[in-house]
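Look through the structure below, starting with its overall form and then moving to single residues.

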Amino acid sequence: MSEKKIIGLFGVCQTDICIYIASVLQNMGLRVCVVDNSYEQEMRHCIPGPSEELSTITYKNIDYEWLTPPECWQEKACDYLLADLGVWPSAEALRVCQEIYLVMDCAIAQVSRYRELMKRVALPMSVIVRDVCPEAVSARRVLAMLQEENCFVVDSYVLPLSEEDVSCRLAMQYQGYHSFGRISLAFEKMLVSVCRAICPCESSVIWRSFKRARKGECA
């Protein structure tokens, strides 16, 4: 690639999505860097590394970094930089990103506060609504509330609540990330759709790379 693409993800439970997407992109033969700039620092528990805290860990041919200032992102030697921005990102960090993904569940307090954030920073974003429980509230209603007086939602993805997805997300924090072969079919389709949106590549290439990443392989 001739120019780096910076993708920002923030919200609630976005770290696993960030790692999975990075793995798919790497299996396309792309150079990928993942930066965890969140307050929570969940990624430190997911990526195996030495006991001492290093600023960069290379795992499965992906560079993982922690608390790297946004003004330094453009200097990184990679094709794609994925930034985990935590629950509440700064406007400055968001403005460095070419594409932004808000990940959230159906909690009404989240809908309200993230709607106001989107209106305040005035940047287009895609939204991933996960852990949807149709018996409690429909994803359509959640998205309608998020888009009320808010024109910055450019695309949306819906993930039903899945025991498999929750299990994989938690296991990765305690056992380290190795693969994601046990996630739900809905999650698989969402990941492929997001990769297709951020990477101008043939669908066959994306699916082939996805299958390799799902098994824990790397290019």
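With 219 residues, a compact globule would have a radius of gyration near 17 Å, and the protein agrees with this because its own value is 16 Å. The radius of gyration is taken over C-alpha atoms, and the globule rule is 2.2 Å times the number of residues to the power 0.38. Along the principal axes, the C-alpha atoms fill a box of roughly 45 × 40 × 35 Å.

This is a predicted model, in which local features need pLDDT of at least 70 and side-chain atom pairs count only at pLDDT 80 or more, while totals for chains, interfaces and linings use all residues. Residues are numbered from 1 along each chain as its sequence is written, and side-chain values use heavy atoms, with hydrogens and water left out.

The protein has eight helices and eight strands; helices (H or I, at least four residues) and strands (E, at least two) are DSSP runs, numbered from the N terminus. Of the contacts with a separation of 6 or more, 79% are between residues 24 or more positions apart, where contact means heavy atoms within 4.5 Å.

Of the 219 residues, 53% count as buried. Buried means under 20% relative accessible area, exposed means over 50%, and partly exposed is in between (1.4 Å probe, protein chains only).

Is S55 buried or exposed? S55 is exposed, because its relative accessible area is 57%. This residue, S55, is found in the loop between α2 (43-46) and β3 (56-59). Apart from its neighbours within four places in sequence, S55 is in contact with Y64, E65 and W66. Between S55 and E116, which are 61 residues apart along the chain, the C-alpha atoms are separated by 33 Å.

Now turn to the aromatic rings. Rings of Phe, Tyr and Trp (its six-membered ring) pair if their centres lie within 6.5 Å; planes under 30 degrees apart count as stacked, over 60 as edge-to-face and the rest as tilted. By this rule there are eight aromatic pairs. One of them joins W207 and F210, with 5.6 Å from centre to centre and 85° between the planes, an edge-to-face pair. Both W207 and F210 lie in helix α8 (residues 203-214), three residues apart, about one turn of the helix. W207 has 32% relative accessibility, so W207 counts as partly exposed. F210 has 1%, so F210 counts as buried. Ring pairs also link W207 and F210 into a cluster with Y20, Y177, F180 and F187.
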